[in-house]
Amino acid sequence: MSALLELDDVTASYGHVQVLYGVSLAVEDGGAVGILGANGAGKTTTLRAISGMVRTGGSITFDGMSLVGLRPDQVARLGIAHVPEGRGTLGHLTVKENLLVGAYQRKNRAEIAQDVERCLDLFPNLADRISASAASLSGGEQQMLAVARGIMARPRLLLLDEASLGLAPSTAANVYGAIGRLRRESSLSMLVVEQNAALAFTLVESATVLETGRSVLSGPKEELMGKDEIRRAYLGS
Ligand SMILES: Nc1ncnc2c1ncn2[C@@H]1O[C@H](COP(=O)(O)OP(=O)(O)OP(=O)(O)O)[C@@H](O)[C@H]1O
Ligand SMILES: [Mg+2]
């Protein structure tokens, strides 16, 4: 397998404030990698760097092509869907309309309709609320909608930012369960930001730990789970 996404010594800044100082990681084609780290470590900024939402240095390649300097819409068109922290669903639109927004770069109506059905099969809660406004959904349902909207683009890589944030444990497990099923049923690659490492490890094979804008540790999940500092900081044991 060759790496689908590769970050090498990536830096990023908001205006004059540098927040990433050297992030390196790789996602194999069909693979799923976690990004762990404390609040403010730079996890969201790493996803924004990939998506072209922040000024970036170093090397970011997707399928052998450099993403540095591309706009978010150009990155999306290459097959990268970003499910942002805070979900970003459009509250005044219905569930169905939000799903169609996810497919805005696609033309084939029959395939789009098929994918709407697939999303509703994956997230049955959304099927019951298909005509409801996104704003009226519960937090868990909004998170499901955010993920579903991302996959409506038929991406090759899904960037997922803290999908468990603010959800009850059973709801978070439900959301991750559906994403796990999506992974098993498709060849979609994933880069998964999570503070809840136990949940992330249900989905990914390996992870990178960020500290103040740097990758400080990466490896297979079994290896990371065996490390005392990881268990204490991220697994609560
Ligand atoms: N729009 C912005 N302008 C200026 N600084 C920012 C902006 N967004 C984030 N930062 C700063 O960049 C650093 C990294 O933030 P980032 O959001 O990437 O962290 P994170 O690891 O995702 O944290 P959290 O777990 O809280 O979501 C922080 O110090 C934060 O204050
Ligand atoms: Mg964040």
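Into which domains is the protein divided?

## Two domains

The protein splits into domain 1 (1-79 + 155-237) and domain 2 (87-154), with bounds from an automatic or database domain assignment. Their C-alpha centres sit 23 Å apart.

A word on the basis: this is a predicted model, where local features need pLDDT of at least 70, side-chain atom pairs count only at pLDDT 80 or more, and totals for chains, interfaces and linings use all residues. Residues are numbered from 1 along each chain as its sequence is written, chains are lettered from A and ligands numbered from 1 in the order in which they are written, and side-chain values use heavy atoms, leaving out hydrogens and water.

## The interface

Contact (heavy atoms within 4.5 Å) joins 20 residues of domain 1 to 16 residues of domain 2. About 1300 Å² is buried between the two domains, 63% of it from carbon and sulfur atoms; this is the accessible area (1.4 Å probe) that two parts lose on being put together, summed over both. On the domain 1 side, P155, R181 and L182 lose the most area, together 35% of what that side buries.

Helices (H or I, at least four residues) and strands (E, at least two) are DSSP runs, numbered from the N terminus. On the side of domain 1 that touches domain 2, α2 (72-77), β7 (157-161) and α7 (169-185) each give two or more residues. The largest share, seven residues, comes from α7.
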